Amino acid sequence: MSSLKGIEKMPKTIIWIEDDIDIIDPVVWPLERSGYHIIRLGSSDEALNMIRQIYKADLILLDLIFPHPQWEQTSISYPGLALLHELREVHHVKAPVIIFTVANNMISSNELKNLSVSDIIRKPVLPSELKRCVEEVLETRS
Amino acid sequence: MDWIYGIAALNTLAAILAWVAKLRWSKEFGDAKDQTIKAKEAQIEVLKAQIDSLKSESQSLRELTPMKLREYLTSTKTMLEEYNDALKQDLQKAHEELDSARAQIGMMEQDYQRVLLDSNFQPRQAEELSKIHRSLEQASRAEAMAMLTHGMLTRLQAVIANAEILTEEITTLNTERALVRVKELLNNALALGTVIQNLETEDSSGDYHFRRQPIAILLDEAKHQYEAEARRRSIDITLHLQPVNGQLPIMEISAFHLQHALNNLVHNAVRFSWSRNPVKIIGRPAGTHCYKVTFENYGTGILPDETEAIFQDGYRGILTQSEFRVGSGKGLSAVKRVIERHGGDIAVESKPTSDAKEPREQLYLNRFTIILPYEQPKRN
């Protein structure tokens with residue numbers, strides 16, 4: 001029983017893939033203060049090197065525009081979507097994904113459905129609003 | 001008997017002298033006393049003024065309740081949100097234009113293929129080709145617009161995040177953490193200003209007002225502005241200026257414009273650095289009439305045949321693009337314009353630091369050097 005209680009208290013882990021973390025880091029502070037464990041990754045290479053942590057993550061917060069050397073060779077509209085494609089198709093990552101981006105271009109609903117994207121949040125957003133959206137997605141999944 | 005008269009006369013003379021001395025000393029004592037009283041009165045006046053000032057400060061502090069601060073921050077936040085909505089609309093419009101231009105290009109490229117296959121090439125078809133060219137230009141402008149709005153919205157995201165967290169800090173009266181947030185807000189607002197200033201053309205960037213002042217203040221300001229984000233990637237910014245005649249260099253500059261240029265140079269050095277590498281700003285005299293400042297960083301490089309092109313309006317470095325750390329291609333052209341308007345010069349060198357063959361895996365040492373004259377030439 002005590003071990004079950006321990007499991008319940010495990011902090012939820014969020015992977016945040018974003019190249020402007022140095023500028024906008026405070027946006028996730030309310031999540032951290034509420035006990036979420038945030039792992040920050042600045043590029044697709046860094047993300048693929050941390051694939052074990054990504055498997056264990058409860059949620060992925062994904063920017064669309066960041067360093068991705070192979071993206072130019074694909075026909076996918078954004079580096080973020082190319083990485084997500086790889087995470088889903090090659091590495092079979094199941095965690096829910098929220099796209100958190102400045103990019104405003106229309107992404108087809110088909111593309112989003114295929115990649116199992118739970119929500120899209122456009123920057124800039126209030127940190128409290130981001131936290132609300134994250135918790136909403138996590139609640140839906142639990 | 002005469003000696004008795006003599007002694008009496010001497011006694012009388014001594015008494016007179018003693019009386020005169022007493023009169024004189026008492027006058028000096030009186031004057032000194034008056035001066036002391038006047039000095040004390042002046043001190044009392046100063047103290048009264050200080051008490052009044054403290055009373056007024058105390059009153060202001062009593063009025064500055066957490067509630068009022070919260071109201072102020074909330075109104076600031078509302079204003080930023082409105083600005084954010086306006087920017088979003090502009091961005092949406094730019095994207096729509098880009099999509100429409102892309103669709104047109106698609107259609108025109110098909111036409112172009114048909115034209116190529118058509119043996120009877122006519123002037124009308126040449127006109128079609130010209131239309132394609134114009135559309136491509138439009139698409140390029142829309143893409144530049146998207147890059148610029150990316151920079152502005154990223155800064156605005158930082159301002160909004162800090163503003164909301166500051167509101168919470170003030171509510172719980174954690175003044176130390178609140179101070180850190182206020183500084184971040186201020187620095188991000190200033191950095192947003194630099195991004196917006198990059199949009200200006202030579203004509204719209206305002207008149208240059210040259211004044212003699214220490215360049216160290218401007219360099220220090222630029223360093224502070226990007227220090228927090230550098231620290232988050234374990235990048236240390238150092239500033240070392242060699243004195244000129246024993247003091248910090250004084251230059252005749254248009255501070256507003258030069259600050260903008262220096263902000264861009266420091267920001268680029270931080271932005272294109274790889275984590276855990278230093279950014280060094282070093283200043284030293286260059287001959288007797290000029291001062292040289294170099295900005296060194298280690299990270300994404302500039303290819304040899306690009307060292308002139310990166311100063312062109314809208315040009316974005318090839319390695320920078322593949323890095324996808326978005327830049328507008330506007331910053332360095334603005335920097336060059338400002339430096340040249342000061343009668344100065346700017347140059348760049350970028351060299352690999354290892355034998356790695358793939359440029360994208362190579363750590364480069366980049367060095368931007370600006371040379372500015374101490375005095376501006378006389379203008380009519």
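Let's start at B:Arg276, which sits in the loop between helix H6 (255-271) and strand E4 (279-286) of chain B. This is a predicted model, so read what follows as a walk through a prediction. The backbone of B:Arg276 has phi near 65 degrees, a positive value in a residue other than glycine. Is B:Arg276 buried or exposed? B:Arg276 is exposed, at a relative accessible area of 66%.

Chain B has another spot of this kind. B:Ser234 isn't a glycine either, yet its phi is positive, at about 55 degrees. Look for B:Ser234 in the loop between H5 and strand E2 (237-241) of chain B. Its relative accessibility is 42%, so B:Ser234 counts as partly exposed.

Now step back and take in chain B as a whole. Eight helices and seven strands make up its list of elements, and of its 380 residues, 40% count as buried. If you take the contacts in chain B with a separation of 6 or more, 74% of them are between residues 24 or more positions apart.

For the inside of the model, go to the largest nonpolar core, which has 40 residues. Those with the most contacts inside this core are B:Leu258, B:Phe295, B:Phe368 and B:Ile370.

Next, the place where the chains meet. On the chain B side 35 residues are in contact with 30 residues of chain A. Together the two chains bury about 3,000 Å², and 56% of that is on carbon and sulfur atoms. Three salt bridges run between chain B and chain A, and six residue pairs are in polar contact across the interface, both residues being at pLDDT 80 or more. Which elements of chain B give two or more residues to the side that touches chain A? They are helices H2 (66-117), H3 (123-171), H4 (175-197), H5 (215-232) and H7 (318-323) of chain B. H3(B) gives the most, with 14 residues. By type, the chain B side divides into nine nonpolar, nine polar and 17 charged residues.

One of the salt bridges to look at pairs A:Arg33 with B:Glu168, at 3.5 Å from N to O.

Salt bridges also turn up away from that pair; over all chains, the whole structure has 21. Within chain B, B:Glu229 forms one with B:Arg155, with the closest N and O atoms 3.0 Å apart. This pair links distant parts of the chain, since B:Glu229 is in helix H5 and B:Arg155 is in helix H3, 74 residues apart. Both B:Glu229 and B:Arg155 are buried.

B:Arg232 forms a salt bridge with B:Glu184, where the closest N and O atoms are 2.2 Å apart. Here B:Arg232 in helix H5 and B:Glu184 in helix H4 are 48 residues apart. B:Arg232 is partly exposed, with a relative accessible area of 28%, whereas B:Glu184 is buried, at 9%. Salt bridges that share partners also join A:Arg33, B:Glu168, B:Glu169 and B:Arg177 into one network.

Let's finish in chain A. A cis peptide bond joins A:Lys123 and A:Pro124, with omega at about -5 degrees. Most peptide bonds are trans, so this one deserves a look. A:Pro124 lies in the loop between strand E5 (117-122) and helix H8 (127-141) of chain A. What does the side chain of A:Lys123 meet in a salt bridge? Its partner is A:Asp63, at 3.6 Å from N to O. A:Lys123 lies in the loop between E5 and H8, and A:Asp63 in the loop between strand E3 (59-62) and helix H6 (79-89) of chain A, so the pair ties together parts that are 60 residues apart in sequence. A:Lys123 is buried, with a relative accessible area of 3%, and A:Asp63 counts as buried too, at 2% relative accessibility.

Terms used: Residues numbered from 1 in each chain as written. Chains lettered and ligands numbered in written order. Predicted model: local features only at pLDDT ≥ 70, side-chain atom pairs only at ≥ 80, totals over all residues. Heavy atoms only, no water. Core = buried A, V, L, I, M, F, W, Y, C linked by side-chain atoms within 4.5 Å. Buried < 20%, exposed > 50% of the residue type's maximum accessible area, 1.4 Å probe, protein only. Contact = heavy atoms within 4.5 Å. Buried area = accessible area lost by both parts, 1.4 Å probe. Salt bridge = Lys/Arg side-chain N within 4 Å of Asp/Glu carboxyl O. Polar contact = N/O pair within 3.5 Å; in protein donor to acceptor, adjacent residues only side chain to side chain. Helix = DSSP H or I, 4+ residues; strand = E, 2+ residues; numbered from the N terminus. Nonpolar A, V, L, I, M, F, W, Y, C, P; charged D, E, K, R; others polar.
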